[in-house]
Amino acid sequence: MIKPIEFDRSYWHTDDPQWLADRERKWSLYLAYMASRNGWSKEWDEQPQKDAWKDYYLNGHVHKDHKAWQYLCLLHPEPTATSLSPLIQQLQRDFKGYCNFLGTVYSRYPLVEAGFFSADHLRQLYLILQGNNYRESAEILGFDPENNVEKAAEDITTSIFDWKRAPGSECWPIELIVKHFKSIFVEIRAEHMRKLEFDFSMFCDILSFYKEDHPHAPEEKLDLVREVVAFLFSSNVDPCVIDIASRYMHPNGERKV
């Protein structure tokens, strides 16, 4: 039998009136955020649901019918790898293998703009769930990195280009995404590339057009594109990666006609 999720409630300073007052005030910000997404989350019209999550937010009580990991993560008062360890154990059961949590975490960026929590808080959540690189992700989620590299490669290349085109993605921690990209692609070998070749070819094609498609891109974005291109032609990757990259662009990033 799976044990119910229980957090160390010392992170909830329920004996501090100022702490509670601040949490009460911010709860109204969260309700406003959920109301603005009502088409996506109809269940927030139900009072028992609201009451259950408010009880967790203020007191640390996890109700048996309201234990979705996204909310447990977002509403925890002091998220760290230690404080969220019960949640990590749930994720290891629910996600059998690599999972990219970038979109899940950063879809909540409007809560930063609303003053519910800080951008640093959101970044911390991403690091807790994903780690600094691919091998850390494997350790956090308890999967075999050798058998998940293809899925990870597919997901991370999508994330890099969602960063430039998806609404709100300017808030994503792109330097961390690139770090994950590098840590995944150093693992790629010819046997992986047989499955990845089509998607990776498209990635390289789009990469080679980046400057042409975005002539007014900020220099910091161009620097990240150059960093990715340089990595794809470096000695850090298997020759199979360089082979496909070289079909679409020169080592300086200029596209091949």
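Author: Let's start with burial: a residue counts as buried under 20% relative accessible area, exposed over 50%, and partly exposed in between (1.4 Å probe, protein chains only). This is a predicted model, so local features need pLDDT of at least 70 and side-chain atom pairs count only at pLDDT 80 or more, while totals for chains, interfaces and linings use all residues. Residues are numbered from 1 along each chain as its sequence is written, and side-chain values use heavy atoms, with hydrogens and water left out.

Reader: Cysteines first, then. How many disulfides turn up in a search of the whole structure?

Author: A disulfide is a covalent bond between the sulfur atoms of two cysteines. The test used here is a pair of cysteine sulfur atoms within 2.5 Å, and the search finds zero of them. Take C99: the nearest cysteine sulfur belongs to C73 and sits 12 Å away, so C99 is in no disulfide by the 2.5 Å rule.

Reader: And is C99 buried or exposed?

Author: C99 is buried, with a relative accessibility of 16%. C171 is in no disulfide either; for C171 the nearest cysteine sulfur is again that of C73, 18 Å off.

Reader: On to charges. How many salt bridges does the rule give?

Author: Side chains of opposite charge can pair when their charged atoms come close. The rule wants a side-chain nitrogen of Lys or Arg within 4 Å of a carboxyl oxygen of Asp or Glu, and the count comes to 13. One of them pairs D65 with K64, where the closest N and O atoms are 3.4 Å apart. D65 is exposed at 59% relative accessible area, and K64 is exposed too, at 67%.

Reader: What about E146 and R135, where in the chain do those two sit?

Author: Their side chains meet in a salt bridge at 2.9 Å, N to O. The pair links distant parts of the chain: R135 is in helix α8 (134-141), and E146, 11 residues apart from it, is in the loop between α8 and α9 (149-165). Helices here are DSSP runs of H or I, at least four residues, numbered from the N terminus. E146 is partly exposed at 47%, and R135 is partly exposed at 38%.

Reader: Which helix holds R247 and D243?

Author: Both are in helix α14 (residues 239-248), four residues apart, or about one turn of the helix.

Reader: Now helix packing. At what angle do α1 and α2 pack?

Author: Axes are lines fitted to C-alpha atoms, for helices over the stretch in contact, and angles run from 0 to 180 degrees between N-to-C directions. Helix α1 (residues 17-36) and helix α2 (residues 47-59) pack at about 145°, with axes 10 Å apart. Contact means heavy atoms within 4.5 Å. On the α1 side the contact includes W19, L20, W27 and L31, and on the α2 side W53, Y57 and L58 are among the residues. By class, that contact has seven nonpolar (Ala, Val, Leu, Ile, Met, Phe, Trp, Tyr, Cys, Pro), five charged (Asp, Glu, Lys, Arg) and no polar residues (the others, Gly among them).
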